[in-house]
Amino acid sequence: MKSVSRIAVVFCMMLFSTGLLARQLPEDPLDSVMWEAMAERFMPEGDIVFDERVRVMAPLSAENQFHVPITVDATALDDVVEIVAMADLNPIPLVMSLRPSEALAFVGFRLKLQQTSPIHVGVRTRDGVWHVGGAIVDAAGGGCTAPAAAHGNSNWMKTLGETRAFAGRDTDHSARMTLRMRHPMDTGLAAGIPAFYLNELAVRDDEGNILAEIDLYEPVSENPTLTLKPRVGPEATVLTVSSRDTEGNIFNFPLDVPAATGL
Amino acid sequence: MKRKHTMLAVASTLALGVAGVCSTAVAADVSIEDIMNDQASGGDIVSYGLGPRGQRYSPLSTLNKENIKNLYPVWSFSFGGEKQRGQESQPLIKDGVMYVTGSYSRMWAIDIATGEELWQYDARLPEGILPCCDVVNRGAAILGDKVFFGTLDAKIVALDAKTGKVIWRKRIGDYEAGYSYTAAPLIVPTEAHGPLILTGNSGGEFGIVGQVDARNPDTGELVWSRPTIEGHMGTLNGEESTMTGKKNETWAGDLWQNGGGATWLGGTYDPDTQLAYFGTGNPAPWNSHLRPGDNKWTSARIAIDPENGEIVWGFQSTPHDGWDYDGVNEFISFDMEKDGETIKAGATADRNGFFYVLDRTNGEFISATPFVRDITWASGVDENGRPLFNPENRPGNPAESADGKKGESIFAVPGFLGAKNWMPMAYSQKTSNFYIPSNEWGMDIWNEPITYKKGAAYLGAGFTIKPLFDDYIGSLKAVDPSTGEIKWEYKNKAPLWGGVLTTAGGLVFTGTPEGYLKAFDDETGEELWKFQTGTGIVSSPITWEQDGEQYVAIVTGWGGAVPLWGGEVAKVVSYLNQGGSVWVFKVPEGLASR
């Protein structure tokens, strides 16, 4: 009863804000009580379709609610402009948003879950349509409101931003890069600890052109791990990764990509 | 598949900057002219001190001695959380928005019409911060579309005034060596660099070196820096500029390397002389027998040319300080009428108990008069401004004691918390009086041996503070700067630790640790109005005009140095409860004329 009335309220607000031309929302195959709210907040404009070409790979049951690995593969879609991930039942649902301007529509990351929750991923194509996929992950509680493990160590700030990264090849026109950066990714929900997280990351080619930009939010796991597939030529090159956290700390580094020969 | 593994240690914000977003001028932005004219414009408050001179005088007179009885609260805003502690902040006001800082390096933007929060910023502080005297902050600065404030881990942060998002953040000092920052930044105009944002530093109890830094407000890049201790080199445009003073001229040996002189209360600026005035803290360590000489420029006022960071003049109120008489107290520029002449003067009420008037163009001494009772450490001040020391009232040298561990203890007035501490006084253009929040107390103090160790307290002294009188410690005084005469006095049971505001309406406002915001008659000292805020007040009140009505605001929340260092004073303050709010008052419609 409660959830029905909440949906009704959200739905009314939607009608109100978008007028009589409110788009038709497809029924959510994951049957999330938050589906309308997620669509309204994070995919505010454009048609929405559930699409099997948006593959969201996640464990059925999270072994660790602080680190739930998610892989999104939308490479079967053309002209992807943006990929947005949300964990419907987290106190802060928005996880990350990727703009893969010169990268494949692919991203791997880890997130924190406060409870068992549907994960929705919206992939917007150039025509404005959101293609949505998702998964439900069973999880023990508390992933977002416990202090980061880093705070067990009084000098955690000394290692802030330390990064391990590598780049390899799947094809001769793209690189596969993975990085893991030391950062507590504080959500602001643990008692006495303000929000403090890595919130911007960009990958550039050797001429400074942006290949991919990603906005990160509080639910991304401590010591964020990211996998991206930027488009590069077959020869060896050097990418530049630049990132910034909510306190204005800046972490920049070069990343060597080997030549495609020998694949 | 070939993979290349790379291990990368990445620099943090120290080495790499972000280009600030270039702001296009829109109506809401604060210009350097707005800041320079802040005192004359009653509709906003865009500087610490209600104008760059820091006079804390408002030309508003809608609120006056008659209608003050009708001043009522409009709203109160809680800083929330468990991080209460001392709230020493002065809010800023611009276009109907209040920007206010709080304990533990937090800041809020509040819609004045409703009292609702627009945004909150919480600095992510490291665990190892070393603030000596509570986790306070005294206020922000505003320019363009940004607001700025200093944090307890010795950083300065620029926030987007609309959203509270970090634009840049720069390091003032190494918090692990004892540096921190609590004062409001000062924004000044320059010909060579455009507007600059000036900060001091804190940490005089940890053997740091006082310094003033000037930065580009758009990017945070350092333009110049000026250490306060002789022997240290300044910088300009990324290169070494000049040495402060002459090495070993007034410091023997190598103690100047950790000589203190922290500029922990920030500075003021005078558009007439185009000089920035900073006070400097105590020399380190407290044990003065280890550092013979005047120890320049500790316990002094220095005038700095903002174009290049050079010291134009210095005046030492307590040379060779042995009592922790910091010289940081604000230097307020004012024009003094004396014997038919207008003198470009400046005044400061020192921790050491004397009220000094100097020529602000060249630092020449004009007068010094006591503003508290029974000063013991000096019998007066000579015609050059140098104290007439009482040698027997300097704590004894531990090296001359039988076991070499503790020098002779003496009782000195004022105590180390000062005849007046950080809390800013006000100057009325209406009465030509200064209104000084002072305290009548002394201390037992003795010296001990000490050596410098990074990040450890560097005192070499023991001490305990004692009230002089049974019935009061706090004393708000009206002082005529041309004679030094005390025109009236208001006595308060607990020590005063909040700033003062005076207005063209003939009112003097200050808060008390007992929780009252009070208003006095500027000519007689009569108490005209008070309001109980529910926790101690240790901050500076403001007033401004909005939609034709005059508002008053005060930040509340007991804390600061007194409860941490208060000695016997604890008797009158130990029952006071913490808080963390800002209160806003106005006269309800229809009552202003009654």
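Two strands pair when DSSP finds at least two bridges between them, and strands themselves are DSSP runs of E with at least two residues, while helices are runs of H or I with at least four, both numbered from the N terminus. With that in hand, welcome to this predicted model, in which local features need pLDDT of at least 70, side-chain atom pairs count only at pLDDT 80 or more, and totals for chains, interfaces and linings use all residues. Residues are numbered from 1 along each chain as its sequence is written, and chains are lettered from A and ligands numbered from 1 in the order in which they are written.

**Chain B as a whole**
- You will find three helices and 41 strands in chain B.
- Its radius of gyration, taken over C-alpha atoms, is 23 Å, close to the 25 Å from the globule rule (2.2 Å times the number of residues to the power 0.38) for 594 residues, so chain B is as compact as a globular protein of that length.
- The C-alpha trace of chain B spans about 85 × 75 × 50 Å along its principal axes.
- In chain B, 59% of the 594 residues count as buried, a term for residues with 20 or more other C-beta atoms, placed from the backbone, within 10 Å of their own.

**A four-stranded sheet**
- In chain B, four strands make an open, antiparallel sheet in the order 8-9-10-11.
- Its edges are strand 8 (141-143) and strand 11 (166-171) of chain B, each pairing on one side only.
- Six bridges join strand 9 (residues 146-151) and strand 10 (residues 155-160) of chain B in the antiparallel sense.
- Lys146(B) has Asp160(B), in strand 10 of chain B, as its bridge partner.

**Nonpolar cores**
- A nonpolar core is a set of buried Ala, Val, Leu, Ile, Met, Phe, Trp, Tyr and Cys residues joined through C-beta atoms within 7 Å.
- The largest one has 168 residues, and Tyr99(B), Ala140(B), Ala141(B) and Ile142(B) touch the most other members.
- A second, separate core of 65 residues includes Phe106(A) and Leu211(A).

**A look at Pro398(B)**
- Pro398(B) sits in the loop between strand 27 (387-389) and strand 28 (410-412) of chain B.
- This proline counts as buried because Pro398(B) has 22 C-beta neighbours inside 10 Å.
- Beyond residues up to four places away in sequence, Pro398(B) is in contact (C-beta atoms, placed from the backbone, within 7 Å) with residues including Gly404(B), Asn447(B) and Pro449(B).

How values were computed. A residue is buried if 20 or more other C-beta atoms lie within 10 Å of its own, exposed if 12 or fewer, and partly exposed in between; C-beta atoms are placed from the backbone. Two residues are in contact if their C-beta atoms, placed from the backbone, lie within 7 Å.
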